[in-house]
Amino acid sequence: MRGAVLHAPGDVRVEDREDPTIVAPTDAVIRLSATCVCGSDLWPYRGIETVDGPSPMGHEYVGVVEEVGSEVTTIKPGQFVVGSFFASDNTCEICRSGYHSSCVQRELMGPLGAQAEYLRVPLADGTLVATPDVPSDDLIPSFLAASDVLGTGWFGAVAAQAGPGRTVAVVGDGAVGLLAVLAARQLGAERIIAMSRHTSRQKLALEYGATDIVTERGDDGVAAVKDLTDGLGAHSVIEAVGTQESMMQAIRATRPGGHVGYVGVAHDVTLPGEELFFSHVHLHGGPAPVRQYLPELIDLIWNRRIDPGKVFDLELPLDQAAEAYRAMDERQAIKALLRV
Ligand SMILES: [Zn+2]
């Protein structure tokens, strides 16, 4: 099969990879319909995270089940399925509490390489959720968004306690930040402040339900959020970047007693204890338990109540994965979809 492999920073190649097969009796193999490039794929692409030799890439996937292992009981060949970036059993105590991405049996999907024609999915009954039927082509980008960026933005909004009567601010205008706006709107937030300097991204944020746009960042961005909230700060702030600056911007834009939901993968973030102590802010976040939200998100997409697939503003065939990485790295695309 064909699959994307990162050889060195800036060097992604689509090449022949071995076809995946059932290894454990709880595995499934799926034929991908579409996959995509994640903001977090850019960390190794830029050399900020190191890779040991050629690495298969990709952890976002939707497709049709080809084959299942002997112990798989609920997932069946022919079903269209959505999974997320951690395989999980959906039965352990941690999964049952809603934290599938910390499942005691979790397996990271990235090393299995979802930017490919086929993918082995461990713990198939727990990891995969089937759609009611095979969807029409135009719904595929939205289901693919549910695999990571929508589920991650949703968790950020839940962790920040976005809801009725709350003012929500979103730090970060990548796909996760934009879909956190959508999630906050779905959860009933009263006011949603999107922090973005890019016209096309501001436009999508407004379409997804943002009520205000703040173009400043850092301490100026904090001051602008305070100006909009009687000097108090937002009730809920979603952090969707993962840098020191964005994390401090999120904490400082939150009012005392408010909640920060942080879902940007942290890189060299250090929190000052004394400032945190006096901030009176709740912090919750981490790798999103996307699996928890998949049944609800699939239902919303199937019934066309949300359109998260609009974050894909570039679509290329899998063989042009290198171009997809380049466009995202240079911020020419919000998110690139790869048709398989
Ligand atoms: Zn579990």
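Let me start with strands β3 and β5. In this predicted model, β3 and strand β5, residues 61-68, pair in the antiparallel sense, and seven bridges hold the pairing.

On strand β6, the bridge partner of glycine 63 is valine 81. β6 covers residues 80-82, and β5 and β6 pair in the antiparallel sense over three bridges.

Now go back to β3, which covers residues 28-36. β3 is also joined to β18, by three bridges, and these two strands run antiparallel. Cysteine 36 has leucine 337 as its bridge partner in β18.

What else is β18 joined to? Strand β17, residues 312-317, is joined to β18 by five bridges, and here the two strands run parallel. In that pairing, leucine 316 stands opposite leucine 338 of β18. As for β18 itself, residues 335-339, four of its five residues are buried, so the strand is largely enclosed by the rest of the structure.

Strand β1, residues 2-8, is joined to β4 by two bridges, and the two run antiparallel. Leucine 6 is the residue that stands opposite serine 55 in β4.

Next, the overall division. The protein is split into domain 1, made of 2-148 + 289-339, and domain 2, which is 153-285. Their C-alpha centres lie 26 Å apart. Where the domains meet, 14 residues of domain 1 are in contact with twelve residues of domain 2.

On the annotation side, UniProt has an unreviewed entry that lists residues 7-338 as "domain: Enoyl reductase (ER)". Over residues 7-338, the model is 30% helix and 25% strand, and the end C-alpha atoms are 19 Å apart.

Let me move to helix α6, residues 175-186. This helix has twelve residues, and from its first C-alpha to its last it reaches 16 Å, close to the 16 Å expected at 1.5 Å a residue. Is α6 mostly covered or mostly open? Mostly covered: ten of its twelve residues are buried. The buried ones include Val176, Leu178, Leu179, Val181 and Leu182, and among them there is also a glycine, Gly177. Just after the helix comes glycine 188, with a positive phi of about 95 degrees.

In soluble globular proteins, nonpolar side chains tend to be buried together. Here, the largest nonpolar core has 112 residues, and the ones that touch the most other members are Val168, Leu179 and Val181. α6 supplies nine residues, the largest share of this core. The core also draws at least three residues from each of domain 1 and domain 2.

What does valine 168 touch? Leaving out residues up to four places away in sequence, valine 168 touches Ala160, Ala162, Ala184, Ala189, Ile192, Ile193, Ala234, Ser236 and Ile238. Of these, Ala184 is one of the buried residues of α6.

Last, two residues with backbone angles to check. Glutamine 161 has a positive phi of about 60 degrees although it is not a glycine. Glutamine 161 sits in the loop between α5, at 149-159, and β11, at 167-171. With 18 C-beta neighbours inside 10 Å, glutamine 161 counts as partly exposed.

Where is aspartate 268? In the loop between β15, at 254-262, and α10, at 273-279. Aspartate 268 has 8 other C-beta atoms within 10 Å, so this residue is exposed.

Key
Residues are numbered from 1 along each chain as its sequence is written. This is a predicted model: local features need pLDDT of at least 70, side-chain atom pairs count only at pLDDT 80 or more; totals for chains, interfaces and linings use all residues. The expected span of a helix is 1.5 Å times one less than its number of residues. A residue is buried if 20 or more other C-beta atoms lie within 10 Å of its own, exposed if 12 or fewer, and partly exposed in between; C-beta atoms are placed from the backbone. UniProt positions are given in the numbering used here, feature names are shortened, and annotations may be inferred rather than shown by experiment. A nonpolar core is a set of buried Ala, Val, Leu, Ile, Met, Phe, Trp, Tyr and Cys residues joined through C-beta atoms within 7 Å. Domain bounds come from an automatic or database domain assignment. Two residues are in contact if their C-beta atoms, placed from the backbone, lie within 7 Å. Two strands pair if DSSP finds at least two bridges between them.
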